[in-house]
Amino acid sequence: MVTAREYRIAKVVAVWRNDEGVLHVLPPCGRCREFMRQIDPANLDTEVVLGRNRTARLRDLLPASEWPDPLDEA
């Protein structure tokens, strides 16, 4: 995706199939969540699929996702 200069993500789902072949939907790992945020700030509004009938915005899965104010400003 990034090598094709695509950065905006509308919706994402992570899945895993266990040894018995049962498919599970998982929330993206922390590293993936942070990467999506870093490649385009608009991705904070990405819809993350968390189950058959459950979604959340990426911003809701990233604690303290807003950049803090600089310490040097008076």
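A salt bridge is a side-chain nitrogen of Lys or Arg within 4 Å of a carboxyl oxygen of Asp or Glu. The model is a predicted one, in which local features need pLDDT of at least 70, side-chain atom pairs count only at pLDDT 80 or more, and totals for chains, interfaces and linings use all residues. Residues are numbered from 1 along each chain as its sequence is written, and side-chain values use heavy atoms, with hydrogens and water left out.

**Exercise 1.** Determine which parts of the chain are joined by the salt bridge of R57 and D45.

*Solution.* 
Step 1. The side chains of R57 and D45 form a salt bridge with an N to O distance of 3.2 Å.
Step 2. Helices (H or I, at least four residues) and strands (E, at least two) are DSSP runs, numbered from the N terminus.
Step 3. R57 belongs to strand β5 (residues 54-57), while D45 is in the loop between α1 and β4 (47-51). The two residues are twelve residues apart, and their pair links distant parts of the chain.
Step 4. Accessibility is classed as buried under 20% relative accessible area, exposed over 50%, and partly exposed in between (1.4 Å probe, protein chains only). R57 is partly exposed at 37%, and D45 is partly exposed at 37%.

**Exercise 2.** Which residues are linked with D45 in a network of salt bridges?

*Solution.* 
Step 1. D45 also meets R59 in a salt bridge, at 3.1 Å from N to O.
Step 2. R59 lies in helix α2 (residues 58-61) and D45 in the loop between α1 and β4, so this pair ties together parts 14 residues apart in sequence.
Step 3. With a relative accessibility of 25%, R59 is partly exposed.
Step 4. The network links D45, R57, R59 and D60.

**Exercise 3.** Is R37 buried or exposed? Describe also its salt bridge with E34.

*Solution.* 
Step 1. R37 has 11% relative accessibility and is therefore buried.
Step 2. Its side chain meets that of E34 in a salt bridge of 2.6 Å, N to O.
Step 3. Both residues lie in helix α1 (residues 30-39), three residues apart, about one turn of the helix.
Step 4. E34 is partly exposed, at 26%.

**Exercise 4.** In what sense do strands β2 and β3 pair?

*Solution.* 
Step 1. Two strands pair if DSSP finds at least two bridges between them.
Step 2. Strand β2 (residues 14-17) and strand β3 (residues 23-26) have four bridges, in the antiparallel sense.
Step 3. A14 has L26 in β3 as its bridge partner.
Step 4. Five residues lie between the strands of this hairpin, where G21 takes a positive phi near 90 degrees.
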